[in-house]
Every structure is written in structure tokens, then in C-alpha cells.
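I set out to record what I looked up in this structure, entry by entry.

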Amino acid sequence: MSTSRRAVFLDHSSLDLGDLALDRLKNCFDELQLYPATAPEQVTERLQGATVAISNKVMIDAATLAACPELKLILVAATGTNNVDLQAARAQGVVVSNCQGYGTPSVAQHTLTLLLALATRLSDYQKAVADGQWAKAKQFCLLDFPIVELEGKTLGLLGHGELGGAVARLAEAFGMRVLLGQLPGRPPREDRLALDELLPQVDALSLHCPLNEHTRNLIGARQLALLKPGAFVINTARGGLIDEQALADALRAGHLGGAATDVLSVEPPVNGNPLLAADIPRLIVTPHTAWGAVESRQRIVEQLSENAEAFFAGSPRRQV
């Protein structure tokens, strides 16, 4: 085993836009090589001689691991570890540590931002002003698009961990009632409503659950039809949780009051997506930015540093 603490960050620019402090992370290693991005065919070459690999989304598969015998630690700059072959890493004795809970304030505020934008028809009014409609108005204001208050409305949450709990607290601060839905594949709980029971009761539905075999397409055409007319749907979790074509159809049909998503089933959507069609009304799509506040990204740097320090001290942290 090499005693050198040489680290390679394979996709540094996916985290740092030049606005983060990296001193602590750099001090963990004898050498830290930063690559803005790494193509699949470059991974093995760039990891040669490295004892530590840092990756946000770059794939580190079994073949890469086998070709990099000096690799001892993989630091994932995210919570999800689907870009690492965990079984192969364990077989090779490579420790994998991830980052956790770093984006809660950022994602929670983004969720409420989307909900408020839908409730106030922010995008519609912004476009109306840009199109000169206010300047042509016969009175002091425009009221062309119905606005609703959040106070007194009911928010349904699918997922009530750290992130869902943060969203619930913000919603309650706006005077909303919060109901929790039972996720499939999990033991029933008295404080969770079955999905078919939850949906007809809520004025807004927000998703904060993982994507797995139980939750893929959790919200489809049938579930959308169970929502109240005029209800809002928000997804800042994973794109595959919602049937995207069904959501587009429900918006076109006018059943929903609006929808907002920060995630799509394939990212980036290089081959298009049903939710990117120009004719869908009352839809907001943000490009997976909910997590991206500078404070959130700095927490990732701090957790990467903590994980590296703990590994070299003989007590791996956040090991998956």
C-alpha cells in the first residue's frame, strides 16, 4: 500500500464555481489534483497512483477499481452513491464515504420558493409585465391570473425525513396544515395516510422521498386524478418519482393548479423530456439547482474534509 496521500477530484467544477474555500480539504492530502470534469474513458488514467478518489457524479466501476490497486478511499461529494460499484469497492477493501444532510436549508427554501411562485402565479405576472401588459392596463394593477394564499391550505408530504421535516416547518410557518403520506415498501405508521387517502385532501403535494423500486412512478395519471382540482405538485427529490408524461397531460387538461420540478428522469435532458414542451401551462422547471446554495456546497467540502480526516485517523466516517 502506498503511504502517499494523493487525491484526485474527478469533477471538481460540478461542486465548486470558484466560490468555495478548499484549504481544509487540500490540507488532508499530500497532493490534490482538481479536474473540472472527467470523461468515462479518462477515469482510470487519472486515478493511477491515487489513494483517494473524489467524485460527485463520475462513475467508478469495478473495472476502474481493479485497474487502480492503490486506491483506498472514495469520497462521494453527494449523498447518492449510485456512481460507485459498492460491492466491488468492498471486495477490494476500498472505503466509500458520502455526504449527508448538507443541502437541507437550500432544498427546503427552494421547495417553498416553488410553492409560493405557483400560488402567486409569479412566472405569469413576470411574463405579463415583460410583454407590456401592465403598461396597457386600465387600472393600477394586473389581476389576470388567480392568486391563492398558503395560509389555511393543506400540504401533503411524501417523505418526512430531515428534508421533509424542514419543509413541514416552513409550511407551518405560512399557516399550512401538513399531512404525511405512507411510502410504499415501508412499514405502516399511524401518523401516515395511505396515498389514495392523502391525495384528495391536499391543496399541494411535495415529494421528498428516495427513488427506488417501490417509488418509481409513484405519482402517475391515476394519482394525479385523485388530487383536488387546482392542486399544486412539487418535486425536488428525484425525477423518476412522477410519470412525467402524465404530469404534462394533467397540466394541459387544466386539472392541476400548477406544478414545479427541480428534477427530471434523465439529467441533463439531452434527448428532451415531456416536461420541456413549450405548450405546458403553469409549469416551473428548475435545472436541479435546489441543492446549490453556496452554503450547501461549502458544507459538502467540510464533510469531504471530515471524511478524509477520519479515514486517515483510522475511524472512517459516513461510510456506506
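**Entry 1: helix 10.** I listed the buried residues of helix 10, which spans residues 244–252, and found E244, A246, L247, A248, A250 and L251. I kept in mind that the model is a predicted one. I then looked up what these buried residues pack against, and noted helix 9 (221–226), strand 10 (258–261) and strand 11 (283–285).

**Entry 2: the two ends of helix 10.** At its start, I found a side-chain oxygen of D243 within 3.2 Å of the backbone nitrogen of Q245. After the helix comes G254, for which I noted a positive phi, near 85°.

**Entry 3: the nonpolar cores.** I looked up the largest nonpolar core and recorded 42 residues, with F29, I54, L65, I74, L75 and L304 having the most contacts inside it. Among the elements that give two or more residues to this core, I noted strand 1 (6–9), strand 3 (52–55), strand 4 (73–76) and helix 11 (294–312). Helix 11 supplies the largest share, five residues. A second, separate core has 31 residues, including L195, L205, I219 and A231.

**Entry 4: L304.** I asked which residues L304 contacts, leaving aside neighbours within four places in sequence. I found F9, L15, L25, I54, L75, V76, A77 and C99.

**Entry 5: the record.** I consulted UniProt, where an unreviewed entry places the feature "domain: D-isomer specific 2-hydroxyacid dehydrogenase catalytic" at residues 21–317. For that span I noted 32% helix and 13% strand, with the end C-alpha atoms 21 Å apart.

How values were computed:
Residues numbered from 1 in each chain as written. Predicted model: local features only at pLDDT ≥ 70, side-chain atom pairs only at ≥ 80, totals over all residues. Heavy atoms only, no water. Buried < 20%, exposed > 50% of the residue type's maximum accessible area, 1.4 Å probe, protein only. Helix = DSSP H or I, 4+ residues; strand = E, 2+ residues; numbered from the N terminus. Contact = heavy atoms within 4.5 Å. Polar contact = N/O pair within 3.5 Å; in protein donor to acceptor, adjacent residues only side chain to side chain. Core = buried A, V, L, I, M, F, W, Y, C linked by side-chain atoms within 4.5 Å. UniProt positions renumbered as here; feature names shortened; annotations may be inferred.
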